[in-house]
Amino acid sequence: MGGSRRDVLLEVTDLVQSFSQPRGILDRLAGRPVKTVHAVNGVSFDILRGEVFSLVGESGCGKSTTARTVVRLLEPKAGRIVFDGEDITAYSPSRMMPVRKKMQMIFQDPYASLNPRQKIKDIIKEPMLFHGTVSGKEEAENRMLRLLDIVGFRPEQADRYPHQFSGGQRQRIGIARALATNPSFIVADEPVSALDVSIQAQVLNLMMDLRDEFGLSYMFIAHDLSVVRHVTERLGIMYLGFIVEQGDRDSIFGHPLHPYTQALLAAAPTLDREKAAAPLQGDVPSPISLPPGCPFAGRCPRKMEVCDARRPSLLPVEGRMVACHLYGEE
């Protein structure tokens, strides 16, 4: 994994998350068993202080569920989450409260994540007052105005409502709210995917400037590899709730090893028709019934007999971790 133990801010080990589907009347009458969606299957990674770590994969691969479980918006089914040297895996909601002000989220939809009935100034001041990171309303007012200035707003805009701003501006408000409690760790769940391409770079540059100014660590969730390439230092590639390749940015983008990583990079938009890759064949397996072997075997162009029979372990290969039988387990 990452660096020395004193540099590690977040350590996730063998994280598991699943959801039971409710049974209808006909299911109960027929005696059908409860179906379980296996969303996250033994995921492990760590994030260093001041680092940007990304989880990348197709929609439905479990990356957002992993993020929400890490910050304990969802209760983990198994595994271990250690934040800033503190094992928070089994913390009750009340015991999580002091930790929550250190862990914040920037959500994908900048409109749905903001209360439409609150003015911008109240949206930003509320977490400060709730968590007691300011001494009173006057300090909250001053800090709110400073945060708005940092993300590019004028003081008079604080009295407006979310619907009076553009998508990019609303995401800036979401960033200011995330900073309100002086966090050390921020989960950015596809923070620019709902924005115009012309605005994406502005928001990403702002987030990187804030990392340097406030010493933040980011967990970046994305499916757009071009975005990840410009902001991350290390990344994990997820498929069907498993991490199939993990390592530093230059190694993975320069020489991807797992066939799925290769397919993702080859599928990135290009103006060169000769380099354009054919889309992956086949469908993603159901997370309700996981395959016994490699989760990518049904779509892999390099599949071997062992791939259907045995699930590969995540092992060190050429300076990164890869879960693929092509590289053996000796």
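Predicted model: local features only at pLDDT ≥ 70, side-chain atom pairs only at ≥ 80, totals over all residues.
Local features need pLDDT of at least 70, side-chain atom pairs count only at pLDDT 80 or more, and totals for chains, interfaces and linings use all residues. Residues are numbered from 1 along each chain as its sequence is written, and side-chain values use heavy atoms, without hydrogens and water.

Helix α4 spans residues 120–131 and helix α5 spans residues 137–150. Helices are DSSP runs (H or I, at least four residues), and strands are E runs of at least two, numbered from the N terminus. The axes of α4 and α5 come within 9 Å and cross at roughly 125°. Axes are lines fitted to C-alpha atoms, for helices over the stretch in contact, with angles from 0 to 180 degrees between N-to-C directions. α4 and α5 are therefore oblique to each other (under 35 degrees is roughly parallel, over 145 roughly antiparallel, 65 to 115 roughly perpendicular, the rest oblique).

In α4, Ile120, Lys121, Ile124, Lys125, Met128 and Leu129 meet residues of α5, including Ala140, Met144 and Leu148. Contact means heavy atoms within 4.5 Å.

The largest pocket holds about 380 Å³ of space. A pocket is an open set of points on a 1 Å grid over the protein atoms alone, where a 1.4 Å probe fits, with protein on both sides within 12 Å along at least five of seven lines; lining residues have an atom within 4 Å of a point. Volume is the space filled by probe spheres set on the points, joined across faces, edges and corners. Of the 24 lining residues, Ser44, Ile243, Gln246, Leu314 and Met321 are the closest to the centre. Strand β10 gives the largest share, six residues.
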